[in-house]
Amino acid sequence: MASQQPIGFTERTIATGLKGGYQVLAVDLNGDGRKDVLALASDLDELVWFENPSWTRHVIAGGRRRMINVAVWDWDGDGIPEIVLAEEFSPNPAKSAGVVSVLTRQGDPRQPWSVHEIDRLPTSHRLRLARIDASGKPVVVNAPLAAATAEPPEYRARTPLVFYRPGEWKREVITDATEGVMHGIFVVDWDGDGRDEILTASMSGIHFLKMGKDGRWSRRELTKGDPAPWPKSGASDVAAGRLGKKRFLAAIEPWHGHQVAVYFEQKGAWRRQVIESGMADGHALLVVDLDGDGRDEIVAGYRGGDHSVHFYKAADAAGRNWVRAAVDEGGMAAASCDVADFGIGWPEIVCIGTATANVKCYLPRAKNR
């Protein structure tokens, strides 16, 4: 468990009224060199963004239904990114169309964007960018929550993981070997070869996937995650970080779980250490070196109970002990967090809340100006 220490944060509210707030991204949406905030709220019918520094609200697209995730990148090189959106989501595969669309600005990005559907895959849930081959060009990875044939609460079926090459937008399969709910994915250049690998967090545990030079994917288990019986097993979200040269994994466990676990590799096995067990509906996970000391910290938020966000810092180089600090106690039912410098010269944490329906930024008090 993590010990307590009074590391403080100063907060500022960017937006309210985002019913069902689910995903937040810090991204420059108007090409002015400043990071804006894109906010996706599943219970609203509009995808919106907030323009830095006034935080004026703009509508990207209306008439949306049960939006769940976006991925953002400037594929055509015009200085304004395109957006890939997954919507019409339900945790029950039989009720989820899983519509995936590409959104493109039509002149002024402050005005509504065009929407072009590219795929339908039930429970499409996580969209991420990944540079998987030698071209260096990103693809969009789509990780559905569950197989189309799965039934809650067991979800005993194999969940697909797919990707799309921008421009072609043809679905290509990475794997269908993961069983049960696959809630989180994390993209990282694991081996430093200039190509990204993918970590998946599911009821089956945490797995590592890599595309070989021949275009074929390999998959291997890193850890089984929470050892509780199915369907309370495995992991919900995963992220990779470093304490100097020492790599670690951070995970929320199990699905929508109450624990934050940290893993370090020892003799080919990943040793599990639970540093938090008091969350309710854990959902936001971020690994970032916020103080610039070469050691990544963990940010974790949960949507249930007293819905809060906490910050965990290793108290020693080996990561044997972690210190916990409150980022926001009770004011942020965090579903998603990101980090960016919004123009003050130091990175801030930005989170979106589900029950709290808000977006807030958090700056360490030592860096306040």
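What we have here is a predicted model, in which local features need pLDDT of at least 70 and side-chain atom pairs count only at pLDDT 80 or more, while totals for chains, interfaces and linings use all residues. Residues are numbered from 1 along each chain as its sequence is written, and side-chain values use heavy atoms, with hydrogens and water left out.

Let me start with the cores. The largest nonpolar core holds 41 residues, and the members that touch the most others are Leu38, Leu47, Ile60, Val70, Ile83 and Leu103. Among the elements giving two or more residues to this core are strands S4 (36-41), S5 (47-51), S7 (69-73), S8 (82-87) and S9 (99-104), strands here being DSSP runs of E, at least two residues long, numbered from the N terminus. S8 contributes the largest share, 4 residues. A second, separate core has 19 residues, including Ile252, Phe264, Leu285 and Val287.

If we take contact to mean heavy atoms within 4.5 Å, then leucine 47, leaving aside its neighbours within four places in sequence, is in contact with residues including Leu38, Ile60, Val70, Ile83 and Leu103.

Two strands pair if DSSP finds at least two bridges between them, and S8 runs antiparallel to S7, joined by 5 bridges, with valine 70 standing opposite leucine 85. S8 also pairs with S9 in the antiparallel sense over 5 bridges, where alanine 86 has valine 100 as its bridge partner.

Turning to the pockets, a pocket is, on a 1 Å grid over the protein atoms alone, an open set of points where a 1.4 Å probe fits, with protein on both sides within 12 Å along at least five of seven lines, and its lining residues have an atom within 4 Å of a point. The largest pocket contains about 1,100 Å³ of space, a volume being the space filled by probe spheres set on the points. Its lining comprises 38 residues, of which Leu25, Arg128, Phe186, Leu286 and Asp338 lie nearest the centre, and the largest share of that lining, 6 residues, comes from S3. The second largest pocket has about 220 Å³ and is lined by 16 residues, with Tyr22, Ser42, Ile68, Phe89 and Arg303 nearest its centre.

Finally, some backbone details that I would check by eye. Tryptophan 230 and proline 231 are joined by a cis peptide bond with omega about 5°, and proline 231 lies in the loop between S18 (217-223) and S19. The peptide bond from glutamate 253 to proline 254 is also cis, with omega near -20°. Lysine 267, a residue other than glycine, has a positive phi near 55°, and it counts as exposed because its relative accessibility is 91%. Aspartate 281 likewise has a positive phi, of about 60°, but counts as partly exposed, at 25% relative accessibility.

Terms used. A nonpolar core is a set of buried Ala, Val, Leu, Ile, Met, Phe, Trp, Tyr and Cys residues joined through side-chain atoms within 4.5 Å. Buried means under 20% relative accessible area, exposed over 50%, partly exposed in between (1.4 Å probe, protein chains only).
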